[in-house]
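Please keep the sequence and the model in view while reading.

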Amino acid sequence: MKGKTEFIHGVATRLGIGVYDEGWFQHRLSLFEAITVPSLMAQTCQDFTWLLIIDEKMPPMARQRLDEIIHKVPNAKIIAIEFKSKLRQAIATWAKEEAARRGVDYVMTSRLDDDDAMVVGAYERLHREAEEFFQTSKADKAVFSFNIGSMWDPQSRRGYTRYHDSHSLSLSLLEPAQTCRSVHFTQHKDIKCKTAPSGTYIRGIDGDELWWLYAAHALADSETGDATRLERIRTHRYGYEVDDQMLARFGLDPVAVGRLTELPKPQLAKPVMRLAIRALDIEKEIESLRRALPSASGWKARKMRKQLEALETSRVDAGSGIVASGVAQGSRNRS
C-alpha cells in the first residue's frame, strides 16, 4: 500500500488552442456538443473534473457558444492559455493545486479530444483499475489505456472495430501529485514505452467491450485531406452501422447525432493535419524574444518589438483561414 488511495481525476480536452477560424469552430463545436458533452455527462462515475483547455484569444462567437454548451456541465472547468506549449504546464498546475486543496497524494489525468466519446461506464472502470493499482502494486505511477473501440464517421453513422494499445482516448496517467507532469508530458503512442523502464504499472483495458468512439471527419487533426480514412470506414469489410442502441451505450442522443448529417462539409482553405502542433516553433521564438526584451534598449529593442509583432501575426495566421469563408454557415444547429 502507498498510503492514501484517494486521488483526483482531471480529464483534459484541448479545444482549438491556436485556432482563430470561426468556420473551424462552427463545425468542431457541433461535434463537441453532439458527441463529447453528452458522453461525459452520461458517465456512471462523475468523480472527475473536465478541464477544457482553450486559447486566450478564442474567437468571441466561438467562446460564447462554448459557454452556452457547457453551462449545464457542473464538473467542467475552462482553463485559458496563450500558447500550445503551455498545455502540459496548465494541467499539471491545476492538478497540484487541486490535490493540495483536497489533501490527496495522487492525481490521475486523462486525454480526450473534443470530438470523441467513451462508453458510459468507462470512468467507473478506470477508477476501479486505479484502486487495484493502489492495492497490488509497489510502483508510484500507473498508465491505463482503453484498447478497443470503434472508428466511426458521425455523418454516415458507419464504423468498424479497432484495437490500439496506446490510443489517446482517455489514456490516463496516475502519479504523485507533487511531481505531476500530466498525461500530456509525451505523445500518447510513446507514453508506455517511456514510463515502463522506471517500473511504472501499465494496464491495458480490453475484453469484448467497445470503450470508445473515435470520430473521423474533414477537420480531424490527423486528416490527410484525401478522405481515404472516411472511405475506409464506409466500406470496411467488417464495418457496421452505429445504430441507436450503440449510440445509447455512449450516452449519445440519436436525434442530435442525426443532425450532424445536416452540417455542410467544410471546404478547406489549408491543410488541417497536425494543426494541434502547428506554430510551436514560432511560440518558442516569441518567448525567447520576450525574455530578452527587458534588457535591450534603443534600436535593438525597437527591432525586437518589430520581430515580436511579425511573429505574433504569423502565429495567428497559422491558425486562421482554415475553412473557406462562408462554407460552414448553418452549422450552428443545436442538439
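## Strand β1 and its neighbours

Strand β1 and strand β4 (residues 106-111) run parallel and are joined by six bridges. Helices (H or I, at least four residues) and strands (E, at least two) are DSSP runs, numbered from the N terminus, and two strands pair if DSSP finds at least two bridges between them. The model is predicted: local features need pLDDT of at least 70 and side-chain atom pairs count only at pLDDT 80 or more, while totals for chains, interfaces and linings use all residues. Residues are numbered from 1 along each chain as its sequence is written, and side-chain values use heavy atoms, with hydrogens and water left out.

Strand β1 is also joined to strand β2 (residues 49-55), by five bridges, and these two run parallel. Gly 10 stands opposite Thr 109 in β4, and its bridge partner in β2 is Thr 49. Together β1, α1 and β2 make a right-handed β-α-β unit; right-handed here means that, with the strands pointing away from the viewer, the path from the first strand over the helix to the second runs clockwise. Of the eight residues of β1 (residues 7-14), seven are buried, where buried means under 20% relative accessible area, exposed over 50% and partly exposed in between (1.4 Å probe, protein chains only).

## Nonpolar cores

A nonpolar core is a set of buried Ala, Val, Leu, Ile, Met, Phe, Trp, Tyr and Cys residues joined through side-chain atoms within 4.5 Å. The largest one has 71 residues, and those with the most contacts inside it are Phe 32, Trp 50, Tyr 123, Phe 144, Trp 152 and Leu 174. Helix α1 (residues 22-41) gives the most to this core, with nine residues. A second, separate core of 18 residues includes Ile 81, Leu 87, Ile 91 and Cys 180.

Which residues does Leu 174 touch, leaving aside its neighbours within four places in sequence? Among them are Phe 7, Tyr 106, Phe 133, Phe 134, Asp 140 and Phe 144, contact meaning heavy atoms within 4.5 Å.

## Aromatic pairs and a charge over a ring

Rings of Phe, Tyr and Trp (its six-membered ring) pair if their centres lie within 6.5 Å; planes under 30 degrees apart count as stacked, over 60 as edge-to-face and the rest as tilted. By this rule the count comes to nine aromatic pairs. Tyr 106 and Phe 134 form an edge-to-face pair, 5.0 Å centre to centre with 80° between the planes. Tyr 106 lies in strand β4 and Phe 134 in helix α4 (residues 122-136), so this pair ties together parts that are 28 residues apart in sequence. Tyr 106 counts as buried at 7% relative accessibility, and Phe 134 is buried at 1%.

The rings of Phe 146 and Trp 211 have centres 5.1 Å apart and planes at 45°, so that pair is tilted. Phe 146 is in strand β6 (residues 142-146) and Trp 211 in the loop between β10 (201-205) and β11 (212-215), 65 residues apart. Elsewhere, the charged end of Arg 181 sits over the ring of Phe 185, 3.8 Å from its centre; this requires NZ of Lys or CZ of Arg within 6 Å of the ring centre and within 35 degrees of the ring normal.

## The five-stranded sheet

Five strands form an open sheet of mixed pairing, in the order β5-β11-β7-β8-β12. Its edge strands, β5 (117-118) and β12 (240-241), each pair on one side only.
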